[in-house]
Amino acid sequence: MVLDWMEGAERPFSKVLVANRGEIACRIIRACKELGLNSVAVHAEDDKDSLFVEMADESILLEGTGLAQTYLNGEQIISIALKNGVHAIHPGFGFLSERSDFANAVNSAGLVWVGPPAQAIDSMGDKMTARRLMRQAGVPVIPGEEINESDPEKELAAIHEASQRIGLPLMIKARAGGGGKGMRMVSEFSGVRGAAQAARREAEAAFGDGRVYIEKMLTSSRHIEIQILADSFSNVIHLGERECSVQRRHQKVLEEAPSPVVSEGLRAQMGAAAVNAAKAVFYEGAGTVEFLVTTHGTFHFLEMNTRIQVEHPITECVTGVDLVVEQFRIAAGLPLNREQTDISINGHSIEVRIYAESPASGFLPATGTLARWQAPEGPGVRVDTGVRQGDEVTPSYDPMLAKLIVHASDRNAAIRRMRRALSEFVILGTVTNVDFLQDLIQHPSFKAGRTSTDFIAEHWGNGWTEQAPSIDVVLAVAVAEASGMQRNKTVSASSESLDPLRHDPSNPFLSIGKRFP
Amino acid sequence: MQNEFQDCNSEKWVVTLSSSAHGFTVEAMSRGAENIAVDVRAERKGSKILLSDGTMATLCKVGDDWWIHHSGRTHKLQLIEPGLDSSEDSEGSLVAPMPGTILDVMVTRGEQVAAGQALILMEAMKMEHKVVAPTDGLIEALLCSQGDRVEQGAVLIELSGKE
């Protein structure tokens with residue numbers, strides 16, 4: 001039986017395996033439920049009580065320990081899919097989402113891959129190939145040069161010559177790069193040789209490919225990305241931009257759409273460039289083209305992310321398009337049901353990433369029990385998370401606990417709504433960045449829309465200090481202690497005391513709609 | 001009853017309360033050496049605390065730590081058990097700043113180290129962190145080895161500092 005929305009699809013499916021965990025797995029499972037698709041969660045042993053496992057229609061244990069044997073084990077995941085009547089695999093982000101060999105293996109096994117073609121992943125994964133393709137497609141790239149010398153000495157000489165033409169400061173980047181590895185900034189010509197050697201060594205170790213290229217360093221630039229959707233019939237549209245400049249350790253902390261500096265004209269130009277970028281690699285599915293935008297308003301291709309992005313909800317808020325649903329429609333072989341002229345930007349949306357980390361100690365990751373977890377609610381507030389009260393935050397996985405997204409009529413209203421929502425967010429038992437985020441969204445420079453990739457370093461260069469408790473706070477604690485409140489509300493280090501039923505094998509609710517191998 | 005708490009700046013608070021039919025009255029309150037006049041009252045409302053300015057606090061105790069959410073901010077106050085001085089027993093102990101895996105132990109027992117010298121390299125959640133010597137000193141004890149998984153706050157090294 002084909003689902004009504006899938007009528008006429010070339011590759012119909014009704015059962016989806018989600019090859020991911022945590023927040024994004026929950027997000028995808030929710031889309032499955034709305035579309036009438038059966039969902040299968042695969043999980044490591046230490047995730048057996050996680051929210052996404054509970055939410056999925058079926059859950060299957062991944063044998064082994066550590067990421068390589070579990071969430072990165074494509075072979076095991078495909079074999080589980082085949083044994084359990086799965087038709088399609090959604091990889092989420094991270095993990096296997098940008099592994100072209102996995103995409104190929106999924107297709108070879110006769111399954112539907114909810115993602116772009118393997119060849120598009122490869123073209124964009126090789127940063128130098130991507131640069132060349134983008135230039136050919138008329139997409140502006142960052143001024144720079146690819147180095148094509150196989151002899152190491154000649155390569156160093158070529159890099160040195162190129163650096164004279166490009167000027168300072170510049171970046172030496174690994175061709176196979178990613179995650180900040182194999183990347184060196186150079187601010188003096190005398191440092192070019194050493195930086196090139198270091199970048200090559202690091203890239204060789206990390207990717208088995210030491211080849212590098214050089215690009216001019218665009219200081220104080222903004223990180224602005226364009227969301228695109230492409231179907232299997234060469235239709236490509238863009239859904240406007242996301243401003244992702246506020247970062248710490250090269251990781252995004254806050255994103256907003258639209259960008260406070262992108263005019264309708266610039267949006268159309270960047271959108272057209274992103275559409276060309278996608279067409280140049282015969283892209284299919286949801287993708288993101290990242291640009292650096294200089295203070296002069298010129299934009300340059302940075303890279304393309306060939307998957308759903310963490311920050312996709314803000315685009316969903318301002319365009320009204322459910323990107324995960326679109327991923328499923330496109331994977332099934334349906335044409336886009338919108339044209340470019342159907343897309344308009346409605347209001348303003350902001351997302352902040354709630355991390356278990358200590359902003360007061362250099363944003364070091366933190367762990368603990370989520371002894372109390374009350375997420376904000378109310379108009380224009382969306383919380384995407386993979387945790388709930390009682391869960392443990394362990395060092396095994398990413399420290400992102402939730403994404404808090406607000407949508408309002410304009411930027412100022414969105415900032416006010418975010419401030420309200422953050423103040424409602426109660427997380428006790430684990431240190432988080434919620435208080436830091438409060439200071440961030442109330443910072444005059446942020447309110448004025450003056451953000452760049454240096455924003456956090458610039459304004460909290462000497463670190464962030466948490467507010468000391470007021471007399472009221474200490475008094476409240478003293479009264480709580482004196483009144484024996486902890487006797488009712490103490491949470492032990494283990495979450496099991498909170499919900500004993502969750503671990504009781506005889507609990508009949510555990511087996512409803514689930515299958516345990 | 002009297003209780004002592006330590007805040008995020010290692011400031012000590014001592015609060016003396018007396019109980020009555022209407023809840024608790026503050027007899028005395030001090031922060032460090034400073035006595036504080038208190039004109040707010042607080043009473044318990046189920047699992048929350050209502051303050052006399054009308055604000056509510058959500059609280060939760062985990063181990064010796066009171067976690068409290070009040071006016072949109074989160075604080076942690078450590079209850080200090082009478083007779084225990086937490087600042088004493090941590091002297092010379094270097095602890096893990098985050099939970100994670102020990103990648104490398106760069107010193108040996110009995111080694112003389114200089115302030116700022118890297119002693120241990122650890123990793124968690126894709127991030128590397130160096131534990132460095134806060135002062136010159138002698139490595140008295142090594143309490144971890146390469147490959148160990150450690151909790152936040154676990155003692156890694158005992159360092160005999162300067163007097």
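Analyst: A quick word on angles: an axis is a line fitted to C-alpha atoms, for helices over the stretch in contact, and angles run from 0 to 180 degrees between N-to-C directions. Helices (H or I, at least four residues) and strands (E, at least two) are DSSP runs, numbered from the N terminus. The model is predicted: local features need pLDDT of at least 70, side-chain atom pairs count only at pLDDT 80 or more, and totals for chains, interfaces and linings use all residues, while side-chain values use heavy atoms, with hydrogens and water left out. Residue numbers start from 1 along each chain as its sequence is written, and chains are lettered from A and ligands numbered from 1 in the order written.

Let's start with the helices of chain A. Helix α4 (residues 74–83) of chain A and helix α5 (residues 100–108) of chain A have axes that come within 10 Å of each other and cross at roughly 20°. That is why α4(A) and α5(A) are roughly parallel to each other (under 35 degrees; over 145 is roughly antiparallel, 65 to 115 roughly perpendicular, the rest oblique). On the α4(A) side, A:G74, A:I77 and A:I78 do the touching, and they meet A:F102, A:A105 and A:V106 of α5(A) (contact is heavy atoms within 4.5 Å). Sorted by class, this α4(A)–α5(A) contact has five nonpolar residues, one polar and no charged ones (Ala, Val, Leu, Ile, Met, Phe, Trp, Tyr, Cys and Pro are nonpolar; Asp, Glu, Lys and Arg charged; the others, Gly among them, polar).

Next pair: helix α8 (residues 152–166) of chain A and helix α9 (residues 192–207) of chain A, whose axes also come within 10 Å, but cross at roughly 125°. That angle makes α8(A) oblique to α9(A). From α8(A), residues A:P152, A:E153, A:E155, A:L156, A:I159, A:H160 and A:S163 meet A:V192, A:R193, A:A196, A:Q197 and A:R200 in α9(A). By class, that contact of α8(A) with α9(A) holds five nonpolar, three polar and four charged residues.

Now for the sheet in chain A. Five strands make an open sheet, ordered β3-β2-β1-β4-β5 (chain A), and the pairing is parallel (strands pair if DSSP finds at least two bridges between them). At the edges sit β3 (58–61) and β5 (112–113) of chain A, each pairing on one side only. Strand β2 (residues 38–43) of chain A joins β3(A) over four bridges in the parallel sense, and A:V42 has A:I60 as its bridge partner in β3(A). Helix α1 (residues 22–35) of chain A lies across β1 (15–18), β2 and β4 (88–90) of chain A, and runs at about 175° to β1(A).

Over to chain B. Strand β1 (residues 2–6) of chain B and strand β2 (residues 12–20) of chain B pair antiparallel over five bridges. They form a hairpin with five residues between β1(B) and β2(B), and B:S10 in the turn has a positive phi of about 60°. β1(B) also pairs with strand β9 (residues 73–80) of chain B, antiparallel over three bridges. B:F5 is a handy landmark here: it stands opposite B:W13 in β2(B) and opposite B:L79 in β9(B).

Chain B also has an open sheet of four strands in the order β10-β17-β15-β12 (chain B), with antiparallel pairing. Its edge strands are β10 (93–95) and β12 (112–113) of chain B, each pairing on one side only. β12(B) and strand β15 (residues 137–142) of chain B are held in antiparallel pairing over two bridges, with B:V113 opposite B:G137 in β15(B).
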